[in-house]
Amino acid sequence: FPGQLQKSDVEKMLAAQVHIGTKNCDARMASYVFGRRPDGIHVIDMDKTWQKIVLAARMIAAIENPADIAVVCSRPYGQRATLKFCRYIGATAIAGRYVPGTFTNRINPHFMEPRMIICN
């Protein structure tokens, strides 16, 4: 099965510290928590994380024209990843300041109607 979690994928996720959570755990997030370290940091279940990554990849792949995908990120630490992601898949990047009305105001010079919006 192509969506099955492989050892190499686990190694990459561990290297990126995908499994490290925070000390606070919301009730809606509790089902994704694998356990808790002695220092109080929650450890995220990597199998469930992988399932959500595969689901997101399938949703993105279902869009026929990648230019119909808008990726929005105003946080400084996510902007570089947003720009790289958009460059690789051909999506529209909105990194930095988000102009209000981009998706709702037809008079706005930056107006667009994407089929999918990914927010970071």
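I take contact to mean heavy atoms within 4.5 Å.

**Entry 1: the model.** I note that this is a predicted model, in which local features need pLDDT of at least 70 and side-chain atom pairs count only at pLDDT 80 or more, while totals for chains, interfaces and linings use all residues. Residues are numbered from 1 along each chain as its sequence is written, and side-chain values use heavy atoms, with hydrogens and water left out. I looked up pLDDT, the predictor's confidence in each residue, from 0 to 100. Its mean for the chain is 91, and 98% of the residues reach 70 or more. Confidence is lowest in helix H1 (residues 7–15), with a mean of 88, and highest in strand E3 (residues 69–73), with 96. Helices (H or I, at least four residues) and strands (E, at least two) are DSSP runs, numbered from the N terminus.

**Entry 2: Asn-108.** I found Asn-108 in the loop between strand E4 (92–95) and strand E5 (116–119). Leaving aside residues up to four places away in sequence, Asn-108 touches Val-99, Pro-100, Gly-101 and Thr-102. I then looked up polar contacts (pairs of N or O atoms within 3.5 Å; within protein, one must be able to donate a hydrogen and the other to accept it, and residues adjacent in sequence count only if both atoms are side-chain atoms). The side chain of Asn-108 reaches the backbone nitrogen of His-110 at 2.9 Å and the backbone oxygen of Pro-100 at 3.4 Å. Asn-108 has a relative accessible area of 11% and is therefore buried. Buried means under 20% relative accessible area, exposed over 50%, and partly exposed in between (1.4 Å probe, protein chains only).

**Entry 3: cysteines.** I searched for disulfides (pairs of cysteine sulfur atoms within 2.5 Å) and recorded 0 in the structure. For Cys-86, the closest cysteine sulfur is in Cys-73, 9.9 Å away, so the distance is too far for a bond. For Cys-119, the closest is also in Cys-73, at 9.6 Å, again too far for a bond. Cys-86 is buried at 4% relative accessibility, whereas Cys-119 is exposed at 62%.

**Entry 4: Glu-64.** I located Glu-64 in the loop between helix H2 (46–61) and E3. Glu-64 is exposed because its relative accessible area is 71%. From Glu-64 to Ile-107 I read 43 residues in sequence and 27 Å in space, C-alpha to C-alpha.

**Entry 5: a charge and a ring.** I saw that the charged end of Arg-87 sits over the ring of Tyr-88, 4.9 Å from its centre. This requires NZ of Lys or CZ of Arg within 6 Å of the ring centre and within 35 degrees of the ring normal.
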